[in-house]
Amino acid sequence: MLNLIFLGPPGAGKGTQAQRLARRFAIPQLSTGDILRRAVADRMPLGKQANALMDAGKLVPDEVVNGIVDEALARPEAERGFLLDGFPRTVAQATALDEMLARRGRKIDYVLNLDVPTDVLVDRLSGRLNCPKDGSVYHLRTNPPKRPGLCDRDDTPLVQRPDDKPEAVRRRLAEYENKTALLTDYYKPRGVLRTIEGVGTPDEVEGRIVSSLRDNLTTGPANP
Ligand code: AP5
Ligand code: MG
């Protein structure tokens with residue numbers, strides 16, 4: 001069983017790497033952002049509640065996302081492990097996650113913190129394209145789809161996320177700095193935090209993550 005968290009600012013590559021690792025380790029990617037966007041697209045009550053906050057680049061209330069994750073962890077596919085992408089984002093969410101895992105007799109193995117400078121983040125977000133159906137992520141320049149504007153996997157027309165407009169990006173970066181960045185201090189004392197250099201090709205970043213996991217899976221966390 002492998003229980004992983006991806007931490008990192010907007011555009012750091014959490015979704016890109018989470019999809020790769022989910023395939024590699026055959027564990028589900030639990031992306032609160034993807035789940036919320038699906039709820040918006042399907043006009044679910046949850047989506048109605050979250051839509052305006054997300055478009056403005058603000059965080060959705062803790063109780064809402066905590067509920068989403070608790071439900072996702074209860075599904076049979078999460079029994080083999082999980083890869084959380086975009087959760088937790090506040091200390092209150094991190095303590096709620098600890099409680100959800102303790103209730104199930106589980107714990108976090110590693111927190112993978114992707115480190116990317118702000119100018120690179122802004123460039124990545126301004127060129128990003130998303131598949132609204134399966135959540136696949138592309139970039140106009142660095143990771144273009146095989147056929148322009150269409151998802152490689154299911155031919156769905158790709159879209160730009162509403163929160164990738166410059167003003168929402170600024171707000172998301174500020175939310176990250178004010179509420180999420182300090183989670184590294186939350187996880188550091190447990191010996192589970194692994195900070196990974198997130199600049200380079202997606203293959204290079206994946207290689208760094210896998211070798212950091214391989215080293216640590218052999219030796220185990222510093223403070224189990
Ligand atoms: P969420 O969907 O989680 O967005 P985010 O954290 O802002 O992160 P992104 O998805 O924008 O970036 P990413 O790190 O996944 O990067 P990606 O792989 O796409 O959350 C959206 C909103 O939902 C929040 O603002 C909030 O409102 C709400 N929400 C979600 N979770 C919440 C929570 N827990 N609490 C409260 N509210 C919550 O890569 C970005 C681009 O770069 C892509 O184009 C990609 O192709 C490219 N790229 C990736 N890696 C590389 C590379 N190595 N080299 C070159 N290009 C690369
Ligand atoms: Mg993402």
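Student: Before we start, what should I know about the model and the numbering?
Tutor: This is a predicted model, in which local features need pLDDT of at least 70 and side-chain atom pairs count only at pLDDT 80 or more, while totals for chains, interfaces and linings use all residues. Residues are numbered from 1 along each chain as its sequence is written, chains are lettered from A and ligands numbered from 1 in the order in which they are written, and side-chain values use heavy atoms, with hydrogens and water left out.

Student: Ok, which residues are buried in α2?
Tutor: In helix α2, which covers residues 32-41, the buried ones are Thr32, Gly33, Asp34, Leu36 and Ala39. Buried means under 20% relative accessible area, exposed means over 50%, and partly exposed lies in between, using a 1.4 Å probe and protein chains only. Helices (H or I, at least four residues) and strands (E, at least two) are DSSP runs, numbered from the N terminus.

Student: And what covers them?
Tutor: The cover includes β2 (29-31), α3 (45-56), α4 (62-73) and β3 (81-85), where contact means heavy atoms within 4.5 Å.

Student: What comes after α2?
Tutor: α2 is followed by Arg43, which has a positive phi, near 55 degrees.

Student: Switching to α4, how far apart are its end C-alpha atoms?
Tutor: They are 16 Å apart, which agrees with the 16 Å that its 12 residues should span at 1.5 Å a residue; the expected span is 1.5 Å times one less than the number of residues.

Student: Which residues are buried there?
Tutor: Val64, Val65, Asn66, Ile68, Val69, Ala72 and Leu73 are buried in α4, and what covers them includes β2, α2, α3, β3 and α5 (91-103).

Student: New topic: how many salt bridges are there?
Tutor: The count comes to 19 salt bridges, a salt bridge being a side-chain nitrogen of Lys or Arg within 4 Å of a carboxyl oxygen of Asp or Glu.

Student: Which residue does Asp34 meet in one?
Tutor: Asp34 meets Arg37, at 2.9 Å from N to O, and both lie in helix α2, 3 residues apart, about one turn of the helix.

Student: Why does Asp34 count as buried?
Tutor: Asp34 counts as buried because its relative accessibility is 16%, whereas Arg37, at 25%, counts as partly exposed.

Student: What about Glu175?
Tutor: Glu175 forms a salt bridge with Lys179, with the closest N and O atoms 2.9 Å apart. Glu175 is buried at 10% relative accessibility, while Lys179 is partly exposed at 35%.
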